[in-house]
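Here is a guided walk through one structure. Keep the sequence and the 3D view side by side as you read.

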Amino acid sequence: MTTDNDAQKAATLRNDMATAVAATCAEWGFPLPVRVEAALRTAPRHLFAPEVSLEAAYAVEPVEVKRDEHGVLISTMSSPDIQAMQLVQADIQPGMRVLEVGSGGYFASLLAELVGPTGHVTTMDIDPVVTSRAATCLIAARYPGVQVVTGDAEYGWKANAPYDRIMITVGAWDVPPAWRDQLADGGRIVLPLRMKGVSRSLALQRTNDHLAALSAGICGFVPMQGASRHDEHLWLLNGEKVGLRFDDGNLSDPSRLDGVLAGEPTADWSGVTVARSEPLGDLPLWLATTLPGFCNLTVAASGDEEPGIAVERGGRWFPYATVEDDSFAYLSVRPAGKSHVELGAHGYGPHGGEVAQAIVEQVRVWNRDHRGHPGPEFSVWPNGRPAGMPPTTLVIPKQHTHVAISWPEA
């Protein structure tokens with residue numbers, strides 16, 4: 001039972017959340033239009049998170065919805081700042097038809113606010129438990145016009161197509177043909193696309209024979225399930241403590257790295273410094289573009305436990321690495337004064353120093369040519385390598401498409 005005090009408290013928290021989200025999105029370069037901010041101040045987020053407190057429901061954090069039988073998180077209500085950023089990218093207008101993939105209910109309520117009574121929102125998920133929960137929450141929050149369906153996102157939802165906007169709110173590795181086929185002329189697909197383990201929320205619009213990104217934002221989402229699911233290749237180096245994850249591509253001979261962590265590490269430093277609170281921006285994407293063996297580094301250590309890899313005193317490691325034959329290296333930092341750190345790399349294996357040097361060299365190139373500048377352009381092409389791409393373009397083959405990341409000339 002909701003009391004008047006609860007309703008007032010929820011309204012206050014909701015307004016505080018919207019104010020904080022507006023400030024964050026402005027910092028990211030996605031200032032909120034009046035209609036998006038109004039939707040955030042209207043939709044009752046707490047009614048889509050009945051398992052948590054009002055404070056947790058309106059925190060600028062994701063809310064857990066479901067874990068699988070192994071305890072892996074498979075469904076969340078995304079952080080409201082990420083949701084707001086995607087709404088800015090979509091530019092949703094009254095009367096539009098929208099398909100959402102990844103249904104928690106709350107994002108669909110924001111979509112319903114934006115399309116208004118003349119529009120239509122379909123929200124879908126592969127998990128009937130998730131869709132049942134979403135339908136119940138939407139009714140409780142008084143959004144009966146949102147249609148909730150259960151199905152595999154690989155095939156979209158043809159019954160209500162074409163859509164002016166297709167909003168993907170789970171991590172996607174590829175762009176299935178059904179999404180293109182069900183998109184109206186002039187429509188957009190907004191999705192968090194995974195490229196070599198680095199995700200960007202892209203607003204894609206059809207341009208001749210391909211999809212071109214109108215904008216890109218840093219994001220993170222739980223991965224998609226069903227036919228669109230894509231499992232990474234994971235290679236463990238120190239029991240189950242240290243691993244290398246390959247999202248696109250794989251090691252040709254993983255055994256070459258056996259026992260590599262038993263040797264002494266080699267460090268190399270770039271002379272490039274960043275503020276401790278400064279985000280790395282597009283550096284991970286630049287490394288993914290320029291280092292053929294790029295992958296994600298994972299370390300299973302918590303608290304005061306030794307991570308199993310080298311870390312400078314007062315520094316840290318980052319989850320970006322590259323492998324060359326029998327050696328690998330990863331991005332790391334060391335203190336450079338009270339408020340800054342220096343970017344560098346630690347390497348393991350017979351040629352670990354050379355691999356670390358390769359990372360450091362690309363850090364310097366990024367700092368010289370791309371830091372603080374417009375980031376890369378993204379495009380998604382039907383299968384077959386697109387012709388005429390400049391040399392600074394990385395083309396990533398997927399199942400249905402090729403994704404191109406093209407950097408501006410220095």
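**Cysteines, cores and loops**

The count of disulfides comes to zero, a disulfide being a pair of cysteine sulfur atoms within 2.5 Å. In general, a disulfide is a covalent bond between the sulfur atoms of two cysteines. Cys219 is in no disulfide, and the nearest cysteine sulfur, that of Cys25, is 12 Å away. Cys219 counts as buried at 13% relative accessibility. Cys295 also counts as buried, at 1% relative accessibility. Buried means under 20% relative accessible area, exposed means over 50%, and partly exposed lies in between (1.4 Å probe, protein chains only).

A word on the source: this is a predicted model, where local features need pLDDT of at least 70, side-chain atom pairs count only at pLDDT 80 or more, and totals for chains, interfaces and linings use all residues. Residues are numbered from 1 along each chain as its sequence is written, and side-chain values use heavy atoms, with hydrogens and water left out.

Now turn to the interior. A nonpolar core is a set of buried Ala, Val, Leu, Ile, Met, Phe, Trp, Tyr and Cys residues joined through side-chain atoms within 4.5 Å. The largest such core has 57 residues. Which members touch the most other members? They are Ile168, Trp179, Ile189, Leu191, Leu331 and Leu343. Helix H9 (residues 352–369) gives this core its largest share, eight residues. Helices (H or I, at least four residues) and strands (E, at least two) are DSSP runs, numbered from the N terminus. A second, separate core has 48 residues, including Ala10, Leu13, Val36 and Ala112.

Not counting residues up to four places away in sequence, Leu191 touches Gln86, Ile168, Ala172, Asp174, Val175, Trp179, Arg200, Ser201, Leu202 and Leu204. Contact here means heavy atoms within 4.5 Å.

Next come two packed helices. Two packed helices are described by the angle between their axes and the distance between the axes. Helix H4 (residues 80–90) and helix H5 (residues 106–115) pack at an angle of about 35 degrees, with axes 11 Å apart. Axes are lines fitted to C-alpha atoms, for helices over the stretch in contact, and angles run from 0 to 180 degrees between N-to-C directions. H4 supplies Gln83, Gln86 and Leu87 to the contact, and H5 supplies Tyr106, Phe107, Leu110, Leu111 and Leu114.

The loops come next. Ser78 sits in the loop between strand S2 (73–77) and H4. Ser78 is buried, with a relative accessible area of 9%. Leaving aside neighbours within four places in sequence, Ser78 is in contact with Arg45, Glu61, Pro62, Gln83, Thr169 and Phe221.

Now for the backbone. Most residues other than glycine have a negative phi, and most peptide bonds are trans. Asp91 has a positive phi of about 50 degrees although it is not a glycine. Asp91 lies in the loop between H4 and strand S3 (97–101). Is Asp91 buried or partly exposed? Asp91 is partly exposed, at 37% relative accessible area.

Lys196 has a positive phi too, of about 55 degrees. Find Lys196 in the loop between strand S7 (183–195) and strand S8 (198–207). Lys196 is buried, with a relative accessible area of 13%. Not counting residues up to four places away in sequence, Lys196 touches Asp247, Asp248, Ala288, Pro292, Phe294, Asn296, Leu394 and Ile396.

Finish at Pro162. The peptide bond from Ala161 to Pro162 is cis, with omega near 0 degrees. Pro162 is in the loop between strand S5 (147–150) and strand S6 (163–168).
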